[in-house]
Structure formats: C-alpha cells, structure tokens
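This report describes one protein chain for a reader who is new to protein structures. Please look at the sequence and the model before reading on.

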Amino acid sequence: MVVAPPEDGRKPLSFLALLKGGRAFFLLPLIALAGVAAGYGHYTDPGPLPKSEIFVIPHGNAARVTNALQEDGILSQTWSSGVFFRMAAYLTHRQGQIHAAELAFPAHVSMAHLLDILRHAQPVSHSLTVPEGLTAKRIAVIFQKAPVLHGDTPDLPEGSVFPQTISYVWGTTRASLVGRLQDLMKSHLQAVWDGRDQEALDGLINSPEELLTLASLIERETSVASERPQVARVFLNRLGLGMRLQTDPSVIYGLSNGLGTLDQLLTHDDLLVAGPYNTYLQSGLPPGPICSPGLSSLEAAAHPAAGKMLYFVATGHGGHNFAETLGEQNQNVRSYREVRSAPH
C-alpha cells in the first residue's frame, strides 16, 4: 500500500508504521471490507461444474460433504474454496440443514446457489412400474434391477404386489417399496371384496384370497378390460357346475415353475402333466394366484357379467368369442383357426 508524501517534505510512513502509529483504526476496516468484497464475489461467482448433472450428497459432517462436492467437480478443488464453503455453510446455518440426498445441480452453480440446493431442493425422483399380470418372480427382477434402491428384494408371495407405477428417491429400500405396493394390494382387495356381488359369488368364491386367485386367472386370460366380467362369468359358471376350469395360463404357471411363460407353445402333452395348477386335471380353483392382477380384473371377479357362458376362445383379431354350448365353442374354434391360417 503506497501512502502519499506529506507536504512538508518528510518521508512517507510505511504500512507497518501506520499500524504502529494507531492509524490502523482507519485502515483495518478498509482491509476487512476488501476481504468481505472478495469473499462475496467467491460466494456468488459461477462454479466449475461444466454441465448440469445429478449427484448423491452423502451423509456425514461438513468436511465429508465438502470433499464430495470437490470430487464431483461442483466446488473448486482448491484448499481455499473448501475452507470458504465450510465457513459460508456455518455462517448461513440458520437457513436450514444440509441434506444427504440425490440432487440435480445446474452448470456453473455458484456457492450461494449450491447451499440453497443442498438445503431446500427436492430430491431427484425415480419411478418403478409393475405391469399388470406379472408373476412374483418377474416382479422381483424389476425391483432388483431398479436404480438407487438399497437392500435386497424380499420374498414375494404370488399376487401380493399391486401393479402400479410408484415413485421413490435415492436411499429408499427395496423392502419398503415392496411393502408399499403390498399394502396397496391389501387395501384394494379388501375394498373390492367388501363391495362384491354377493349373490353372484355365493358358494363359489368364499374369501378375498379366492377372489384374488380368480382375478389372476382373468388377468392372464385377456387384456381387454371390457370382456373381463364375461371371463369371470365363464369361470364361475364352470365352478357352479363342477366343470374343470381348463385355463391355459394356470397350466403354464405350473410348468414354468412360477415364471408364467414358456419357451414354446403349450402342447397337448403339456395338458397331461399332473400338478396343482393343471386345471385340465384338477377341479376348482388352483391353489393360489398365478400373477398380480390389476384393479380391473379384481372388479371383474367381484362383479361378473350375467349369462350362461361356459366357453371362450380368441377371435384372432383381439378379444374373445363366448359360447354357452360346446357346439358354439367348436364353431368359434374353427373361425379362429381360419383367421390364423389366412394369408396376411
């Protein structure tokens, strides 16, 4: 710092002499102000992050968070930047706690904006979709492959998970997410059971668990929501007459050891393989659900259509034809085969 010479020709005082002479009273505030101005510029200047990115901020003390921010390139890796960030975080601590979370940071985020994000930004949201009609083994694979979830997927009883898209954030455990969807299935199943058509189900479907099993058969038989009550009626009519259900998806479930799919088409010999899920050989409902049905299939099981239908077969154009007699069914089968064999 240069001090102008006095008018009387005496030598100018050095900076140290000024301090010794008591003039620091005037100079120290100026120095402090200059330091504050420089610090504030560092606080608000653009940071080093070259592009918008998502990072996980770990649990831990200020030093660990600072190191993570510097390693990710959000904060300058210089020693002074680390010190100043911790100082800024301390001086502004009344604005809120710094959270461990997965957060999105814009390019060149400043230290001031960075602290605001760490304190107030919403964590990055992820979603997981369980489609209708999947078996428990296939649902478990979806959970195990889902990103940023913690822990292993618990054992899933068949039909216990409600099919739905569900949101979650980093740090969520697979067990807790599974639990949320299982709670949804329980609540939906109970509500549908409480509102069921008691006259239509009387003596045929005697518990929510049996309703779930029936709904799972309906789910795997058709993807057309409007005809699910008719499929339900066919199964209920067969149960009432003591006829075997003869539903292929149940046989496939047993043959595939719970996967619900085969590498080849179902054959006549497959229908002769004994097992609890072979509804061509076993009477009544299978011993449990064969998939996780959606709400539409649950409602169809609880509110079947009216009619005396005992058979149905695919039309070849999407959907099914329903029949009351074996003769009608045979004609529908012939029509289906004609559609399948016609040149495309």
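**The model and the whole chain**

This is a predicted model, in which local features need pLDDT of at least 70 and side-chain atom pairs count only at pLDDT 80 or more, while totals for chains, interfaces and linings use all residues. Residues are numbered from 1 along each chain as its sequence is written, and side-chain values use heavy atoms, with hydrogens and water left out.

The protein chain has 13 helices and six strands. These elements are DSSP runs numbered from the N terminus, with helices being H or I of at least four residues and strands being E of at least two. Of the 344 residues in the chain, 40% count as buried. Buried means under 20% relative accessible area, exposed means over 50%, and partly exposed lies in between (1.4 Å probe, protein chains only).

The accessible surface of the chain comes to about 19100 Å², and 56% of it belongs to carbon and sulfur atoms. Such areas come from the Shrake-Rupley method with a 1.4 Å probe; for residues, only the protein chains shown count as cover. Among contacts with a separation of 6 or more, 59% are between residues 24 or more positions apart. A contact means heavy atoms within 4.5 Å.

**Helices and what covers them**

| Helix | Residues | Buried residues |
|---|---|---|
| Helix 3 | 62-71 | Val65, Thr66, Ala68, Leu69, Gln70 |
| Helix 11 | 248-255 | Pro249, Ser250, Val251, Ile252, Tyr253 |
| Helix 12 | 295-302 | Ser297, Leu298, Ala300, Ala301, Ala302 |

What do the buried residues of helix 3 pack against? They pack against helix 4 and helix 5 (111-120). For helix 11, the cover of the buried residues includes helix 9 (208-221). The buried residues of helix 12 pack against helix 7 (174-194), helix 8 (198-201), helix 9 and helix 10 (228-241).

Helix 4 (residues 79-91) contains Met87. Together, Met87, Tyr90 and Leu91 make a nonpolar surface patch of about 390 Å². Patches are made of residues with over 30% relative accessible area and no salt bridge; like charges are joined within 9 Å, and nonpolar side chains (Val, Leu, Ile, Met, Phe, Trp, Tyr) within 5 Å. Met87 counts as partly exposed because its relative accessibility is 44%.

Val141 lies in helix 6 (residues 136-145) and, at 41% relative accessibility, is also partly exposed. Val141 and Thr153 are 12 residues apart in sequence, and their C-alpha atoms are 8.5 Å apart in space.

**Rings and charges**

A pair of aromatic rings is described by the distance of the centres and the angle of the planes. Rings of Phe, Tyr and Trp (its six-membered ring) pair if their centres lie within 6.5 Å; planes under 30 degrees apart count as stacked, over 60 as edge-to-face and the rest as tilted. By this rule there are four aromatic pairs. One of them is the tilted pair of Phe55 and Phe105, with 6.3 Å between centres and 45° between planes. This pair links distant parts of the chain, since Phe55 is in strand 1 (residues 53-56) and Phe105 is in strand 2 (residues 102-105), 50 residues apart. Phe55 is buried at a relative accessible area of 12%, and Phe105 is buried at 2%.

Phe312 and Phe322 form another tilted pair, 5.7 Å centre to centre with 40° between the planes. Phe312 lies in strand 5 (residues 311-314) and Phe322 in strand 6 (residues 320-323), so the pair ties together parts that are 10 residues apart in sequence. Phe312 is buried, with a relative accessible area of 15%. Phe235, Phe312 and Phe322 form one aromatic cluster.

The charged end of Arg196 sits over the ring of Trp193, 3.7 Å from its centre. This requires NZ of Lys or CZ of Arg within 6 Å of the ring centre and within 35 degrees of the ring normal.

A salt bridge is a side-chain nitrogen of Lys or Arg within 4 Å of a carboxyl oxygen of Asp or Glu. By this rule the count is one salt bridge. Which side chains meet in a salt bridge? They are those of Arg228 and Glu219, at 3.5 Å from N to O, and both residues are buried.

**Backbone details**

Most residues other than glycine have a negative phi. His108, in the loop between strand 2 and helix 5, has a positive phi near 55°. Gln246, in the loop between helix 10 and helix 11, has a positive phi near 50°. Just after helix 3, Gly73 takes a positive phi of about 80°.
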